[in-house]
Amino acid sequence: MTQVSEEKVWQALSRVIEPDFKKDLVTLKMVENLKIEGGKVSFTIVLTTPACPLKDEMKKSCNEALSQVEGVSETEIAFTARTTTGTFTGKAAIPGVRNVLAVSSGKGGVGKSTTAVNLAIALKALGAKVGIMDADVYGPNIPMMLGINTPPKQEGNRFIPPKGHGITCMSMAFMVPPGTPLIWRGPMLHGVIQQFIRDVEWGELDYLIVDMPPGTGDAQLSLAQLVPLSGTIIVTTPQEVALSDSRRGLAMFQKVNVPILGIVENMSSFVCPHCHEETAIFSRGGGESAAKELGVPFLGRIPIDLSIREGGDHGMPIAIGQPSHEISKAYQEIAGKLASAISILNAGAKPIQIAGFS
Ligand SMILES: Nc1ncnc2c1ncn2[C@@H]1O[C@H](COP(=O)(O)OP(=O)(O)OP(=O)(O)O)[C@@H](O)[C@H]1O
Ligand SMILES: [Mg+2]
């Protein structure tokens with residue numbers, strides 16, 4: 001039997017290009033624990049996010065490259081991840097939290113919280129540790145959407161946040177007695193956000209998702225400035241009025257130097273469950289064309305579907321309640337693209353500049 005040459009194996013792997021970073025696996029130092037036993041080559045690929053959507057593609061490329069090396073009869077490729085850490089526009093990071101992402105919109109009711117919850121679950125399903133900070137001062141409803149009925153435990157001045165479907169959650173809803181109207185003044189908001197950042201035991205998280213209140217007023221701007229954010233996604237519905245609001249949202253984040261990771265179009269169309277005819281209730285394609293016009297990535301679209309609304313109301317988001325549903329797959333795809341965008345950003349790519357805003 002021909003002895004497999006380690007040098008040839010490294011040469012073959014240095015021809016495998018990582019699709020996001022457009023460099024080879026060896027240059028990127030992504031290959032570890034290389035072992036050659038007879039004709040069997042085994043190694044581990046170290047990813048920058050456990051939620052990497054490109055594992056199968058990379059495995060296939062490695063196998064193709066190694067099939068050219070004399071003597072290789074078998075391969076065993078494992079994956080592990082060391083999630084990279086974001087930069088937080090000059091602010092101190094939250095201990096243990098690697099990336100903090102806002103989910104925002106210029107306009108209310110477009111499905112931010114629904115998107116935040118389902119993306120959190122999709123990222124977790126891809127292998128990431130995820131939390132949600134419900135920063136919606138007007139209507140914090142993440143605990144309800146995650147089916148959480150217990151408040152955080154308080155130990156001295158530390159909060160131990162509850163979990164719903166494996167997602168750690170701290171919410172504005174826990175900070176006021178139920179039914180109390182939420183009127184937040186500047187210093188109060190400042191105080192609570194400081195507590196969320198300083199006094200909550202978030203634990204080790206790859207991604208902390210911040211559900212923002214709707215709009216681009218003072219409260220939103222303060223939040224964008226107070227929370228150490230590494231990036232934001234914008235949720236929009238496809239029609240023009242929602243889009244012009246989203247553009248304002250994008251401009252606000254750009255003003256505070258938070259990178260825009262992309263646009264998600266929600267409530268894209270409605271397929272009648274009876275006659276299967278598709279109706280574009282809020283128009284069509286607006287999210288994608290806005291992304292193009294503004295020069296930010298388009299992350300994907302989610303249709304209007306009764307099971308999304310029901311899942312949210314019953315504390316059982318569709319992404320966990322019906323994981324093989326088409327819509328859950330769409331959330332997974334968006335989560336994968338988002339994780340890639342974050343890894344690319346963390347690798348030092350310049351934040352995207354939005355055309356038309358300075
Ligand atoms: N794609 C969808 N299909 C069906 N219903 C949806 C969809 N997205 C969101 N909804 C429903 O629309 C309502 C508003 O959604 P959600 O609360 O997520 O919006 P929001 O942008 O967070 O609102 P707010 O601005 O008040 O925070 C909820 O009842 C939710 O279940
Ligand atoms: Mg909301």
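Leaving aside its neighbours within four places in sequence, with which residues is Ser340 in contact? In this predicted model, local features need pLDDT of at least 70, side-chain atom pairs count only at pLDDT 80 or more, and totals for chains, interfaces and linings use all residues. Residues are numbered from 1 along each chain as its sequence is written, chains are lettered from A and ligands numbered from 1 in the order in which they are written, and side-chain values use heavy atoms, without hydrogens and water.

With those neighbours set aside, Ser340 is in contact with Asp20 and Pro53, where contact means heavy atoms within 4.5 Å. Ser340 belongs to helix α11, residues 326–346; helices (H or I, at least four residues) and strands (E, at least two) are DSSP runs, numbered from the N terminus. Ser340 is buried, its relative accessible area being 7%; buried means under 20% relative accessible area, exposed over 50%, and partly exposed in between (1.4 Å probe, protein chains only).

The largest nonpolar core contains 42 residues, of which Val100, Ile193, Trp202, Phe253 and Ile263 touch the most other members. Such a core is a set of buried Ala, Val, Leu, Ile, Met, Phe, Trp, Tyr and Cys residues joined through side-chain atoms within 4.5 Å. The elements that each supply at least two residues of this core include β6 (97–104) and α7 (240–255), while the largest share, five residues, comes from α5. Apart from this core lies another, of 40 residues, among them Ala51, Ile327, Ala335 and Leu345.

Strand β12 holds Asp211. Not counting residues up to four places away in sequence, Asp211 touches several residues, including Val103, Ser113 and Asn141.
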